[in-house]
Amino acid sequence: MKMAAEKWQQVREIFDVALRHVPEERASFVHEVCAGDKALLTEVESLLNSLDRSESFMETPAVEKVAKHVLAEQRQLSKGQLLNHYKIIRQLGGH
């Protein structure tokens, strides 16, 4: 059965907020938020269980390690600086 995009968005939002809770409080938070919607509860719990299994298999999920490594290597390039065989002329955008 394919999940509707709106329902998947709701699952994702609840999952993201649940991750901000300490692991001991996640289940009660999810049960409270999903009260009455068994399908929503099942999907969110499934994602949380997958995360728990991955953390017990590996201390930190590989994606997280890679992301930290990439972010650590990011640096601000300056005008005139070389990156491989490319010369930085100017910044195009920023945040």
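Of the 95 residues in the protein, 17% are buried, where buried means under 20% relative accessible area, exposed means over 50%, and partly exposed lies in between (1.4 Å probe, protein chains only). The structure is a predicted model, in which local features need pLDDT of at least 70 and side-chain atom pairs count only at pLDDT 80 or more, while totals for chains, interfaces and linings use all residues. Residues are numbered from 1 along each chain as its sequence is written, and side-chain values use heavy atoms, with hydrogens and water left out.

The secondary structure consists of four helices and two strands, taken as DSSP runs numbered from the N terminus (helices: H or I, at least four residues; strands: E, at least two). Read from the N terminus, the order of the elements is α-α-α-α-β-β. The accessible surface amounts to about 8100 Å², and carbon and sulfur atoms account for 56% of this area; accessible areas come from the Shrake-Rupley method with a 1.4 Å probe, and for residues only the protein chains shown count as cover. Among contacts (heavy atoms within 4.5 Å) between residues at least 6 apart in sequence, 35% join residues at least 24 apart.

A18 is located in helix α1, which spans residues 5-19. This residue is classed as buried because its relative accessibility is 0%. When residues up to four places away in sequence are not counted, A18 touches R26, F29, V30 and L48. For A18 and L48, the C-alpha to C-alpha distance is 8.5 Å, although the two are 30 residues apart in sequence.

Side chains of opposite charge can pair when their charged atoms come close. With a salt bridge defined as a side-chain nitrogen of Lys or Arg within 4 Å of a carboxyl oxygen of Asp or Glu, the count is two. In one of them, K7 pairs with D37, and the closest N and O atoms are 2.4 Å apart. K7 belongs to helix α1 and D37 to the loop between α2 (23-33) and α3 (38-57), so this pair ties together parts that are 30 residues apart in sequence. K7 is partly exposed at 26% relative accessibility, and D37 is partly exposed with a relative accessible area of 23%.

A salt bridge also joins D16 to R12, with 3.1 Å between the closest N and O atoms. D16 and R12 are separated by about one helical turn because they are four residues apart in helix α1. Relative accessibility is 27% for D16, which is therefore partly exposed; R12, at 40%, is also partly exposed.
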